Amino acid sequence: MKIFKILVGAVLPAVIIAACVMLAGCGRSGGSGETEAGNSTEAAGLPKPDIQAPSIGTNAGKNAAWTFICEDESGEPVPGVKIQVCSDSLCSLVKTDENGRAVYTGERFAYEIHVLETPEGYENSGPEAFAAEESGGETILKFEKR
């Protein structure tokens, strides 16, 4: 049993080190880090993989914020307004807080905005639906007290 422990203790680390050294040089010629022409997929007659990063529109990965400010005719905030923010494939819902403000953050896009629900005692005096600016920003929505 002692001989087995000695062999395992001496041989196993040597095997691990040798494997690491061999793998570290895999795919490189010399130490330059460049692959040899004979080892590339094109030289071997294999098709080149077509790998593209997924994107949506031309502004993929760039976010913006849209702030909706809901107020009545006297400039007082209207809390509880439900606003739907829609892309071509998905809709999200935001609701104004006690200050009449709601914020949607997402990818830059000309979202379609819908005023879904107004709180009791108010009526929307603007359009029910409109297009938001692609770059984000603030939009003031007006409501009338009933």
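A polar contact is a pair of N or O atoms within 3.5 Å; within protein, one of the two must be able to donate a hydrogen and the other to accept it, and residues adjacent in sequence count only if both atoms are side-chain atoms. With that term in place, I begin at Asn124, whose side chain reaches the backbone nitrogen of Gly126 at 2.9 Å.

Before I go on, a word on the basis of these values. The model is predicted, so local features need pLDDT of at least 70 and side-chain atom pairs count only at pLDDT 80 or more, while totals for chains, interfaces and linings use all residues. Residues are numbered from 1 along each chain as its sequence is written, and side-chain values use heavy atoms, with hydrogens and water left out.

Let me stay with Asn124. The side chain of Asn124 also reaches the backbone oxygen of Pro127 at 3.3 Å, and it makes a polar contact with the side chain of Glu128 at 3.5 Å. Asn124 sits in strand β6, residues 122-124. Helices (H or I, at least four residues) and strands (E, at least two) are DSSP runs, numbered from the N terminus. Is Asn124 buried or exposed? Asn124 counts as buried because its relative accessibility is 13%. The classes are buried under 20% relative accessible area, exposed over 50%, and partly exposed in between, with a 1.4 Å probe and protein chains only. Leaving aside residues up to four places away in sequence, Asn124 touches Val115, Thr118, Lys142 and Phe143; contact here means heavy atoms within 4.5 Å. The C-alpha atoms of Asn124 and Phe143 are separated by 4.6 Å, although the two residues are 19 apart along the chain.

I turn to the chain as a whole. It has 1 helix and 8 strands, and from the N terminus on the order is α-β-β-β-β-β-β-β-β. Of the 146 residues, 22% are buried. Among contacts between residues at least 6 apart in sequence, 57% join residues at least 24 apart.

Next, the interior. A nonpolar core is a set of buried Ala, Val, Leu, Ile, Met, Phe, Trp, Tyr and Cys residues joined through side-chain atoms within 4.5 Å. The largest such core has 19 residues, and those with the most contacts inside it are Phe68, Ile83, Ile113, Leu141 and Phe143. Two or more residues each come from β1, β2 (82-86), β4, β5 and β8 (137-145). Which element gives the largest share of this core? That element is β1, with 4 residues. Phe68 touches, among others beyond four places in sequence, Ile83, Val94, Tyr104, Ile113, Phe130 and Leu141.

The aromatic residues deserve a separate comment. Rings of Phe, Tyr and Trp (its six-membered ring) pair if their centres lie within 6.5 Å; planes under 30 degrees apart count as stacked, over 60 as edge-to-face, and the rest as tilted. The structure holds 4 aromatic pairs. One of them, Trp66 with Tyr104, is tilted, at 6.1 Å centre to centre and 40° between the planes. This pair links distant parts of the chain, with Trp66 in strand β1 (residues 63-72) and Tyr104 in strand β4 (residues 101-107), 38 residues apart. Trp66 is buried at 2% relative accessibility, and Tyr104 is buried at 15%. Trp66 also pairs edge-to-face with Tyr111, at 5.0 Å centre to centre and 85° between the planes. Ring pairs link Trp66, Tyr104, Phe109 and Tyr111 into a cluster.

Finally, the charged side chains. A salt bridge is a side-chain nitrogen of Lys or Arg within 4 Å of a carboxyl oxygen of Asp or Glu, and the whole structure has 4 of them. Glu71 and Lys142 meet in one at 2.6 Å, N to O. Glu71 lies in strand β1 and Lys142 in strand β8, so this pair ties together parts that are 71 residues apart in sequence. Glu71 is buried, at 16% relative accessibility, whereas Lys142 is partly exposed, at 37%. Arg101 and Glu138 form another salt bridge, at 3.6 Å, N to O. Here Arg101 lies in strand β4 and Glu138 in strand β8, so parts 37 residues apart in sequence are tied together. Arg101 counts as partly exposed at 34% relative accessibility, and Glu138 counts as exposed at 57%.
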